[in-house]
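Thank you all for coming. Please have a look at the sequence and the structure on the screen, and then I will walk you through some local features.

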Amino acid sequence: MVKAAKHTPCKREISFLEKVVNAKYDRQTITGLKKFIDGNAPQDMHDFYSKDELAAIMALDGTEQDIQARMPIKITRHYFDLAKTSAPIQTLVKASPKETYDLDGAKDPGKQLSYSPVEGLIHKYELGLIYVASTCSAHCRFCYREELIAKKIIEREDGTAAAKGLAQISEIVAYIKNHNEQVEKNNGRHPETGREKLREILMSGGDPMVLGNKNIAQWLAALAEAGISAIRIGTKELAFFPKRFDKSFFDMLDEFHVTYPKVNIRMMVHFNHPDEFLKKAPNGDYIEKDGNFEWIEQTQVAIKQMASRSFINIDNQAPIIKNINNDPDALRIMQRELKNNGVENHYFFCGRDIVGHKAFNVPIEEAWEVLNQSQKGLSGVEAHARLSITHYKGKTEVVAVTNKPMLGVKGGENGVVIFKLLRSANDAPDRCKVTIVGRNEDAIWFSGYDDRVIYDEAELYSMYDIGLCNEQEK
Ligand code: SF4
């Protein structure tokens, strides 16, 4: 792969970047366990891990079950303060030996490297994803980017092995321009891949919001100059450190909008549980105010700032994780409160098949039931979110789980699960095709249905019509 020369900003980029100011933030982050072990964590954090818990984790250091090698440990002061009164938040951020009891899972979830034409870029769908940071302010134990954050060595298709690298502006810009030029010359489709123009990019990682404003601004301007018309920023910073969304950040975005008025910013935020943004009374209940619940002020201010700008969309997406948010009542409150405050409920996900996923993932059928129950009592606009599971072939929706037998259909005696392909690689030729499988309430990944495929139009199991046997056809 030829390295592109260093990116040279044009006059318009320079004029925008000159107006951007970096600010300083004090997240009071604790990384790793040393401070807890040595008693050097702040006084009120001493008991976050008991001595027994620390000993159990440390006993695994250097072994195959090493917890910190699987996923580095990190927490902010803000998130710790939330965890003090929230079991789900503690579970989200607190390391446990359970994580490596079963190390089954994919080293490169979603086979992303198969869709990485340039280091740090995943071009699987009509949208491109770029890794711009390899850490977050705190680390979710269930992280589906654990291979990037833990800098694991991944085998590549060319036989080499290396940690996943971050995207470089010059290389990404060169790729986008080249791809779009070829699409233009070939009547709207890339001559080799058949894909359309790249018009949307997701800045991801890790969390782009750990970068300074100037660095984020460099990416925004370079992508806009390359012809990108919608830029997503994937972030959990509203939960980990909402003060990051300060005046200097919004000044930068406003200046970006003045310079590139046609480019839409899409904040893809990540809340798992309402404990991450609602205030609690001493008895643990959320505090009612004017028919809604009272929010943590800095989180609500940040969201209101985003929502007040017409060029910014805000969408929440989050996995449903065991002992964190497989709770219909919590998800109902979360969906309603987010919608009331200008955040769309986009996707809930079944956990990915990362290494150690059995410690976190709830069965697919349970996740569907949790979301279904949570949406009872919500209005249509509050209940927009769908349950998605990412197949190697593409993003898939769990459309329905039936409780009654599907009479006359072999394999459907206990009911069926219906998957629909929402997006597939290579420009979605199979979009909206479905796969129907017989129920398996223990299945936490597609493989749990390998032996009970009824109908496979979407080719998630790479075969057609297995077991389709209606009574009429006998
Ligand atoms: S915020 Fe996202 S990328 Fe960061 S640790 Fe959590 S799941 Fe991983």
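Let us begin with Gln 28, which is partly exposed because 14 other C-beta atoms lie within 10 Å; by the rule used here, a residue is buried with 20 or more other C-beta atoms within 10 Å of its own, exposed with 12 or fewer, and partly exposed in between, the C-beta atoms being placed from the backbone. Before I go further, please keep in mind that this is a predicted model, in which local features need a pLDDT of at least 70 and side-chain atom pairs count only at pLDDT 80 or more, while totals for chains, interfaces and linings use all residues. Residues are numbered from 1 along each chain as its sequence is written.

Where does Gln 28 lie? It lies in the loop between helix 1 (11–17) and strand 1 (30–31), where helices (H or I, at least four residues) and strands (E, at least two) are DSSP runs numbered from the N terminus. Gln 28 has a positive phi of about 50 degrees, although it is not a glycine. Most residues other than glycine have a negative phi, and most peptide bonds are trans. Glu 459 is another residue other than glycine with a positive phi, near 55 degrees, and it is found in the segment after strand 18 (453–456). With 15 C-beta neighbours inside 10 Å, Glu 459 counts as partly exposed.

For an exposed residue, please look at Ala 59, which has 12 other C-beta atoms within 10 Å and sits in the loop between helix 3 (51–58) and helix 4 (67–70). Ala 59 and Ala 162 are 103 residues apart along the chain, and their C-alpha atoms are separated by 28 Å.

Now let us turn to the strands. Strand 4 (residues 127–131) has 4 of its 5 residues buried, so it is largely enclosed by the rest of the structure. How many bridges join strand 3 to strand 4? There are 3 of them between strand 3 (residues 121–123) and strand 4, and the two strands run antiparallel; two strands are said to pair if DSSP finds at least two bridges between them. Leu 121 has Ile 130 in strand 4 as its bridge partner, and a hairpin connects strand 3 to strand 4 through 3 residues.

Strand 4 is also joined to strand 7 (residues 200–204), by 5 bridges, and here the strands run parallel. Tyr 131, for example, has Ser 204 in strand 7 as its bridge partner. Leu 127, which is found in strand 4, is partly exposed, with 15 other C-beta atoms within 10 Å. Leaving aside residues up to four places away in sequence, Leu 127 touches Glu 200 and Leu 202, where contact requires C-beta atoms, placed from the backbone, to lie within 7 Å.

Strand 7 and strand 8 run parallel and are joined by 4 bridges, and the bridge partner of Ile 201 in strand 8 is Ile 231. Please notice also Gly 206, which lies in the loop between strand 7 and helix 9. A cis peptide bond joins Gly 205 and Gly 206, with omega at about 15 degrees.

My last topic is helix packing. Two packed helices are described by the angle between their axes and the distance between the axes. Helix 9 (residues 213–225) and helix 11 (residues 247–259) have axes that come within 10 Å and cross at roughly 20 degrees; axes are lines fitted to C-alpha atoms, for helices over the stretch in contact, and angles run from 0 to 180 degrees between N-to-C directions. That makes helix 9 roughly parallel to helix 11, since angles under 35 degrees count as roughly parallel, over 145 as roughly antiparallel, 65 to 115 as roughly perpendicular and the rest as oblique. In helix 9, Asn 213, Ala 217 and Leu 220 meet Ser 248, Phe 249, Met 252 and Phe 256 in helix 11.

Finally, which angle do helix 13 and helix 14 make? Helix 13 (residues 328–340) packs with helix 14 (residues 364–374) at about 55 degrees, their axes 8 Å apart, and the two helices are therefore oblique to each other.

Notes
Two residues are in contact if their C-beta atoms, placed from the backbone, lie within 7 Å.
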